[in-house]
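User: I would like to learn how to read helix packing and chain contacts in a model. Can you take me through an example?
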Amino acid sequence: MTLTAIIFAGILTYFTRMTMIALISRDMLGDKIKAVLEYVPSAVFPAIIFPGIFINDFGTFIEMNDPKIFGALVAVIVGYFSKNIIATISAGLISYWFLIFVVFS
Amino acid sequence: MLTKKQLFTRGMLDISPHMLSVIPFGIICGAIGVELGFHPYLVYAMSFIIFGGASQIVFLQLLSGGASSLVAVTSVGIINSRHLLYGAVLSEYLEKLSFIKKLLISYVVVDQGFAESNKFFKKNRSEEFLHYHLIGTGCTMWVCWQIATLSGIVLGSFVPEELGLKFAIPLTFIAIVVQDLKKLDHVIVMITCGLSSLLFFDAPFKSYIIISPIIALFVAGLLLRLKK
């Protein structure tokens, strides 16, 4: 039963990946659409970033002094200047750990 | 001209820093599935059949919370519908491939792989075998995801929960978009998307994940019109 559902979910997911690549030819998209598509990364990833920071495991908003906000700000600053992915992730995590294990413990 | 092998390797290298967040997250995903009481084989089957990060956890959480299979499957479909946007962007670079190759390559399109390959594609439009970069990012992600979720399933959550490693996921995506903060139009689009995602967070079927990009792309369209 669960396996059937997993298979359906898998087929559906595969279709989301395949449809635009295999079934749409680039000529079908006009220049205006292409120009808008340039913004896809900026238009999609904040929908993963913002809830990941501002909403906790129980689906409610965090306090404004939550360590995650600080960690994310540090990651943004380090990422902006270092242009390095590992530095960005590490800086965010380490500053977050520093707050939860050292400052707030 | 880079060879296929060079492009594949470049893709692997470009995505590998993201494994710092993907691997702990995969371990957590595998462990949660087993903790929720699902058979280990089923939890693993998802990594192979769905291969879609957070959507796998949502799927199991919904089922274990008593939701119907229909609701769980629909939610996975909606969460993963963002791939339609990635496909639309990538189609330009994959146009020359045969239909079969397009079908195969589609399986390994993932968030971070799309992001890194898209950056590479924009700078190297003239390369003949560009798609090998996408295969490189996708396959690296696939292998790491399988190993990470399997270890979580077999060994349990050996990553201490207190570390809050789920937080690495927003950080990985910050690393992807942070350079675009230099451009005001991109900043506006990002803020629109981020605020919409918080506003619509409680919308049914986790649909905030596709509603907010659509609103943000609409705003992007308006900005383009203003620029002219």
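Analyst: We go from the chains to their contact, then to one helix pair. Keep in mind that this is a predicted model.

User: Start with the secondary structure. How many helices and strands does chain A have?

Analyst: Chain A has six helices and zero strands. Along the sequence the pattern reads α-α-α-α-α-α.

User: And how many are there in chain B?

Analyst: Chain B has twelve helices and zero strands. Its radius of gyration is 18 Å, close to the 17 Å that the globule rule gives for 228 residues, so chain B is as compact as a globular protein of that length.

User: What radius of gyration does chain A have?

Analyst: Chain A has 20 Å, whereas a compact globule of 105 residues would have a value near 13 Å. Its C-alpha atoms fill a box of roughly 55 × 45 × 25 Å along the principal axes. For chain B the C-alpha trace spans about 55 × 45 × 35 Å.

User: Now the interface. How many residues of chain A are in contact with chain B?

Analyst: 57 residues of chain A are in contact with 75 residues of chain B. On the chain A side, H1(A) gives the largest share, 18 residues. By class, that side divides into 41 nonpolar, twelve polar and four charged residues.

User: How do I describe two packed helices?

Analyst: Use the angle between their axes and the distance between the axes. Here, take helix H1 (residues 2-23) of chain A and helix H3 (residues 40-49) of chain B. Their axes come within 9 Å and cross at roughly 15 degrees. Angles under 35 degrees count as roughly parallel, so H1(A) is roughly parallel to H3(B). The crossing is right-handed.

User: Which residues of H1(A) and H3(B) meet?

Analyst: From H1(A) come Thr2(A), Leu3(A), Ile6(A), Ile7(A) and Gly10(A). They meet Leu42(B), Ala45(B), Met46(B) and Ile49(B) of H3(B). The contact has seven nonpolar, two polar and no charged residues.

Conventions: Residues are numbered from 1 along each chain as its sequence is written. Chains are lettered from A and ligands numbered from 1 in the order in which they are written. This is a predicted model: local features need pLDDT of at least 70, side-chain atom pairs count only at pLDDT 80 or more; totals for chains, interfaces and linings use all residues. Axes are lines fitted to C-alpha atoms, for helices over the stretch in contact, and angles run from 0 to 180 degrees between N-to-C directions. Helices (H or I, at least four residues) and strands (E, at least two) are DSSP runs, numbered from the N terminus. Angles under 35 degrees count as roughly parallel, over 145 as roughly antiparallel, 65 to 115 as roughly perpendicular and the rest as oblique. A crossing is left-handed if the near helix is turned anticlockwise from the far one by less than a right angle, and right-handed if clockwise. Two residues are in contact if their C-beta atoms, placed from the backbone, lie within 7 Å. Ala, Val, Leu, Ile, Met, Phe, Trp, Tyr, Cys and Pro count as nonpolar, Asp, Glu, Lys and Arg as charged, and the others, Gly among them, as polar. The radius of gyration is taken over C-alpha atoms; the globule rule is 2.2 Å times the number of residues to the power 0.38.
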